[in-house]
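Morning, everyone. Please bring up the model on your screens, and we will go through it together.

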Amino acid sequence: MVNKVTLIGSLGKDPEVNHTPSGTSICSFSLATSEKWKDKNTGEQKEKTEWHRIKAFGMISDLCGKYLKKGSKVFIEGKISYSSYEKDGRTIYQTDIIANEV
């Protein structure tokens, strides 16, 4: 079984670096990927943008925090991670990409 994702896109905002109580750094940022196509009926050019939540840990996190900024073009390779939490009596589901190569 394989859980692998490859994305190339642009950062939507500057990365945020935080640290766990044990000192591990965690870098979080949003990545936009876009696809363009021509509408078959109208001939009009269309574009769709998807936003991805990216998290990096340890040395990769430190490098992302140091070198990336809003608008940076980035190649990400990693895995999909699903999680959930309770907020105001509702279950919130999240999908993150855990980067192991940037």
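First, the ground rules. This is a predicted model, where local features need pLDDT of at least 70, side-chain atom pairs count only at pLDDT 80 or more, and totals for chains, interfaces and linings use all residues. Residues are numbered from 1 along each chain as its sequence is written, and side-chain values use heavy atoms, leaving out hydrogens and water.

Now the fold. The protein chain has one helix and six strands. Helices are DSSP runs of H or I with at least four residues, strands are runs of E with at least two, and both are numbered from the N terminus. In sequence order, the pattern reads β-β-β-β-α-β-β. The radius of gyration is 16 Å, well over the 13 Å that the globule rule gives for 102 residues, so the chain is more spread out than a compact globule. That radius is taken over C-alpha atoms, and the rule is 2.2 Å times the number of residues to the power 0.38. Along the principal axes, the C-alpha atoms fill a box of roughly 55 × 40 × 30 Å.

Of the 102 residues, 30% count as buried. Buried means under 20% relative accessible area, exposed means over 50%, and partly exposed is in between, with a 1.4 Å probe and protein chains only. Take the contacts with a separation of 6 or more: residues 24 or more positions apart account for 52% of them. A contact means heavy atoms within 4.5 Å.

On to charge. Side chains of opposite charge can pair when their charged atoms come close. How many salt bridges does a search of the whole structure find? Six. The criterion is a side-chain nitrogen of Lys or Arg within 4 Å of a carboxyl oxygen of Asp or Glu.

One of them joins the side chains of Lys4 and Glu77, at 3.9 Å from N to O. Lys4 sits in the segment before β1 (5–11) and Glu77 in strand β5, so this pair ties together parts that are 73 residues apart in sequence. Lys4 is exposed at 55%, whereas Glu77 is buried at 17%.

Now look at Asp96. Its salt bridge with Arg53 has the closest N and O atoms 2.7 Å apart. Asp96 is in strand β6 and Arg53 in strand β4 (residues 45–57), 43 residues apart. Asp96 also forms a salt bridge with Lys55, with the closest N and O atoms at 3.7 Å. Lys55 is in strand β4 too, 41 residues from Asp96. Together, Arg53, Lys55 and Asp96 are linked in a network. Is Asp96 buried or exposed? Asp96 counts as buried because its relative accessibility is 4%. Arg53 is partly exposed at 39%, and Lys55 is partly exposed at 23%.

Asp88 has a positive phi of about 55°, although it is not a glycine. Asp88 lies in the loop between β5 (73–87) and β6 (90–101). With 75% relative accessibility, Asp88 counts as exposed.

Ser30 is in strand β3 (residues 25–38). At 18% relative accessibility, Ser30 counts as buried. Leaving aside residues up to four places away in sequence, Ser30 touches Ser10, Leu11, Gly12, Lys13, Trp51 and His52.
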